[in-house]
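Here is a short report for a reader who is new to this structure. It begins with the aromatic rings and then turns to the cores and the surface.

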Amino acid sequence: MRPARCLALGSLLALVGLLEGRLVGEEEAGFGECDRFFYAGTPPAGLAAEAHVKVCQRFEGAERFATLYSHRDRIPVYSAFRAARPAAAGAQPRWLVEPQIDDPTSPLEEVIDEADAITSVSGLGSKQALSTDYLDSDYQRGQLYPFSLSKDLQVATFALTNTAPMAPSFRERWYLNLNSLMERALTPQCSSGAHLYIITGAVPSDRKLKDRVTVPAFVWLAACCAAPGGGWAMGFVQHARDGDVIEDVMVRELEKLLPFNPQLFRDNCGETEQDTERMKKILEVVNQVQDEERMVQAKEGTHPLSSTKGQGSALLPPEPSEERRSFLGKLRTFLTTPIIRLFQLLYYVAVGILKNVIYVLWFVTKQVFNGIESCLYRLGSATISYFLAIGEELASIPWKVLKVMVKIIRAILRILCCLLKAICRILGIPVRVLVDVATFPMHTISAVPIVCKDIAVGLGGTISLLFDAAFGTMGSLFQVIFSICKRIGYRVTFDNSEEL
C-alpha cells in the first residue's frame, strides 16, 4: 500500500506540474498561443461576453485545446481542438479546476486538483463548477472535448472547465455519436484529420444543477476541413431530450440556433471552395449513425443501457460511486492534503530556486556574451579602421609618386632653363663686341657726309650771322647818326624862329 500511495502522490504532483490552463487576458486578441486550434487562427466571433473567460489548456509544455468558459452558467461555451488519433488507455487522472477563474490574484497559473484547491484558492467555486456540484444528482460530468478523442494520455480534457452536466444516457449517446462521426466520417474525409478543426459547445437551458451549474439544452459540434482543394464545413446538434438523435445541419443553420447568432468559422470555412462530394459521403455516414442510434434507443426501451454498456464503457470517463465519492473521497482528501501540500510547497520552492538559478546563469551568460560581443565589435571596428587606413595609404601611394615625379620633372626643366639663360648671357657679351667692331667702319663712313653737311650748315650759319651782325651794326649806326642829325636840325630851326 505504501508504494502505491507514493506512486499515486508522485503521479498527482507530476500531473499538477505538467498540466497548465492559462487564462487569456481580455486585452489579448483571440486565445494567444491557442489560436492554432481555430480555422485561419480566428476564434468564433460574437460569443465573447463579460461573463466569459478564455482558457488556453496546456499539457507537458504544449497547447492542447482552447475553451471559452462562462462563469455565470459555470459551463463551457465551447471547446476548440484539432482532430487527433485517440491514445491507448492509460492512468485515470483526477478532475481538475482552474484557480484563477475564482481568484484572479492567485499565483497558481496551472490547474490543480480540487482537494488541493480547497485550502489554496480563496472563493473556490464562486465562478466555476466543482465535483461536489454533481454529488447526489442525476447528472454526470460530460466533456465537450471527450477524453476518448485526446492523444494526451487522457489528461488534458479532464479539467472541469471542459465539462457540463449531462444525464448518463445523454452523455453516453454524445460520446458514441461523436466518436463514430470522427472515426467514420469527419476524419477520413479530411486527409486523416490533418486539416480538420473541431468546435464543440453547449447551449444553456433554464434548468440548473443545485441552483449553480446550468444544464445544457443541447450540445453541438461544428467541423471545418481546410484541406487544399477538398474542404468542407458541417454542423451537428445533439438535444438532451430522450429519443432525439443527432442532427446534421449546415454551419450557417447551426449559427442561427446558437445565442447571439455568431460566426463560427472565418469566411464560413472557405464556403466558395467546398467539396460537395465529400459532404455527401459524410451525410451517408451520418444517416448510418442516426439509424444505429435509433436502434440503440429501441433496445434501451427493454434493456436500459445494457445493450451499449460494453461498447460505450471504453469511451466513458470514470465516475466513482456515490459512497466512494462521499466517504472515501473525504477521507482521502483529509489524509493526503497535508502531504500533498508539503510536496507542493517543496515543488514550488524547488521550482523557484531553479528559476532563480537559471535566471542568474542566464544573466551571467548574457553579460559574458555581451562583453564578448562588445570586445569583438570593438576589435572588428579597430581592425576594419586599420585596414581602411592602410588601404587608403596604399591607394594614395601611386598618386603621391606621380606628384613627386611631376615635381622632379618641373625642377629639372627649371634647371635647364636657367642653364640655357646663363649660357646665352655668357655667349651674348663677345658677340655684341664683335658686332659693334664690325659695324664701326660702316657707321663711320656713313657718318662723314652727315658731318660734312653739318659742318657746311654750321659755316653757312656762321657767315649768315656775321652778315646779319654787320648789317645790323651798320643799320644801328645810321639810325643813331640820323637821330642826332635830326635833333640838331630841330634845335637850329627853333632858335631861328625865336629870333624872328
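The chain holds eight aromatic pairs. Rings of Phe, Tyr and Trp (its six-membered ring) pair if their centres lie within 6.5 Å; planes under 30 degrees apart count as stacked, over 60 as edge-to-face and the rest as tilted. Two of the pairs are set out here.

| Pair | Centre to centre | Angle between planes | Type |
|---|---|---|---|
| Phenylalanine 38 and tyrosine 78 | 6.3 Å | 90° | edge-to-face |
| Phenylalanine 81 and tyrosine 145 | 3.8 Å | 10° | stacked |

This is a predicted model: local features need pLDDT of at least 70, side-chain atom pairs count only at pLDDT 80 or more, and totals for chains, interfaces and linings use all residues. Residues are numbered from 1 along each chain as its sequence is written, and side-chain values use heavy atoms, without hydrogens and water.

Phenylalanine 38 sits in the loop between strand E1 (19–24) and strand E2 (52–59), and tyrosine 78 in strand E4, 40 residues apart. Phenylalanine 81 is in strand E4, while tyrosine 145 is in the loop between strand E7 (140–143) and E8, 64 residues apart. Helices (H or I, at least four residues) and strands (E, at least two) are DSSP runs, numbered from the N terminus.

Phenylalanine 38 and tyrosine 78 are buried. Buried means under 20% relative accessible area, exposed over 50%, partly exposed in between (1.4 Å probe, protein chains only). Phenylalanine 81 counts as buried because its relative accessibility is 1%. Tyrosine 145 counts as buried at 3%. Phe31, Phe38 and Tyr78 form one aromatic cluster.

Now the cores. A nonpolar core is a set of buried Ala, Val, Leu, Ile, Met, Phe, Trp, Tyr and Cys residues joined through side-chain atoms within 4.5 Å. The largest has 45 residues; among those with the most contacts inside it are Leu186, Trp232 and Ile282. Helix H4 (168–186) and helix H7 (276–300) are among the elements that each supply at least two of its residues. H4 gives the largest share, eight residues. Apart from this core lies another, of 29 residues, including Tyr78 and Trp220.

What does isoleucine 282 touch, not counting residues up to four places away in sequence? Isoleucine 282 touches Ala185, Leu186, Gln189, Trp232, Met234 and Phe236. Contact means heavy atoms within 4.5 Å.

Last, the whole chain. The protein chain has nine helices and twelve strands. Buried residues make up 37% of its 500 residues. Leucine 416 lies in helix H9 (residues 322–499). Its relative accessibility is 44%, so leucine 416 counts as partly exposed.
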